[in-house]
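This report describes a protein model together with its ligand. Please look over the sequence and the structure first, and then read on section by section.

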Amino acid sequence: MKKLATYKNGNSQVTIYEDGTKVRRYSEPLLLEFPESIDIKITNYCDLGCKFCHEMSDIAGKHADLNKLLTVLQGLSPGVELAIGGWKFPIASRYFRLS
Ligand code: SF4
C-alpha cells in the first residue's frame with residue numbers, strides 16, 4: 001500500500017497510508033512533541049442561522065486571518081491531519097484552490 005507521509009513525533013514514528021491507515025511505532029511511554037491532528041475553524045461567519053448551532057457562528061462572525069493560518073500550517077510536519085471547520089464553499093474558496 002502506498003505511503004502518504006512518514007514523520008517523527010517525539011519517540012514515535014508515524015506512517016500514514018493512502019487508505020487512511022495510520023501506524024504509530026514507539027516504545028513505552030509514548031512521548032509526543034506535537035498533536036497528530038488539528039481542528040481549524042476558518043470562519044465564524046454563517047448565514048444559515050440554525051437554532052442548534054454548536055459553532056456559535058452567525059452573520060457577525062469573522063473569517064480567520066489567512067496569513068496567520070498559513071504561518072501555523074507551514075510549521076506543521078507533513079502528515080499532520082487537519083479537520084477544517086467553517087467549510088462553506090464561497091468562504092472556503094477564499095482560502096483554498098480546489099482542483
Ligand atoms: S455553522 Fe453550521 S450549525 Fe451553525 S448556523 Fe451555520 S450551518 Fe448551522
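## Surroundings of the ligand

How do the residues of the shell around the ligand divide into nonpolar, polar and charged? In this model, which is predicted rather than determined by experiment, the shell holds four nonpolar residues, two polar ones and one that is charged. The residues in question are Cys46, Leu48, Gly49, Cys50, Cys53, Glu55 and Ser57.

## Overall layout

The secondary structure of the protein amounts to two helices and five strands, and these elements follow one another along the sequence in the pattern β-β-β-β-α-β-α. Of the 99 residues, 4% count as buried.

## The three-stranded sheet

Three strands form an open sheet in the order β1-β2-β3, and their pairing is antiparallel. The edges of this sheet are formed by β1 (3–9) and β3 (22–26), each of which pairs on one side only, and the twist from one strand to the next averages 15 degrees.

Six bridges connect β1 with β2 (residues 12–17) in the antiparallel sense. Within this pairing, threonine 6 has threonine 15 of β2 as its bridge partner, and asparagine 9 stands opposite serine 12, also in β2. The two strands make up a hairpin with two residues between them, and in its turn glycine 10 has a positive phi of about 65 degrees.

## The parallel pair and its crossover

Strand β4 (residues 37–41) and strand β5 (residues 81–85) run parallel and are joined by five bridges; in this pairing, aspartate 39 has alanine 83 of β5 as its bridge partner. Together with helix α1 (residues 66–74), β4 and β5 make a β-α-β unit that is right-handed.

## Backbone details in the loops

Most residues other than glycine have a negative phi, and most peptide bonds are trans. The peptide bond that joins glutamate 28 and proline 29 is cis, with omega at about -5 degrees, and proline 29 lies in the loop that runs between β3 and β4. Methionine 56, although it is not a glycine, has a positive phi of about 55 degrees, and this residue is found in the loop between β4 and α1.

Is methionine 56 buried or exposed? A residue counts as exposed if 12 or fewer other C-beta atoms lie within 10 Å of its own, and methionine 56 is therefore exposed, because it has 8 C-beta neighbours inside 10 Å.

Phenylalanine 34, which is found in the loop between β3 and β4, has 12 other C-beta atoms within 10 Å and is therefore exposed as well. The C-alpha atom of phenylalanine 34 is separated by 9.3 Å from that of valine 80, a residue that is 46 residues apart from phenylalanine 34 along the chain.

Note on methods
Residues numbered from 1 in each chain as written. Predicted model: local features only at pLDDT ≥ 70, side-chain atom pairs only at ≥ 80, totals over all residues. Near = placed C-beta within 6 Å. Nonpolar A, V, L, I, M, F, W, Y, C, P; charged D, E, K, R; others polar. Pairing = 2+ DSSP bridges. Helix = DSSP H or I, 4+ residues; strand = E, 2+ residues; numbered from the N terminus. Axes fitted to C-alpha atoms, helices over the stretch in contact; angles between N-to-C directions. Right-handed = clockwise from strand over helix to strand, strands pointing away. Buried ≥ 20, exposed ≤ 12 C-beta atoms within 10 Å, placed from the backbone.
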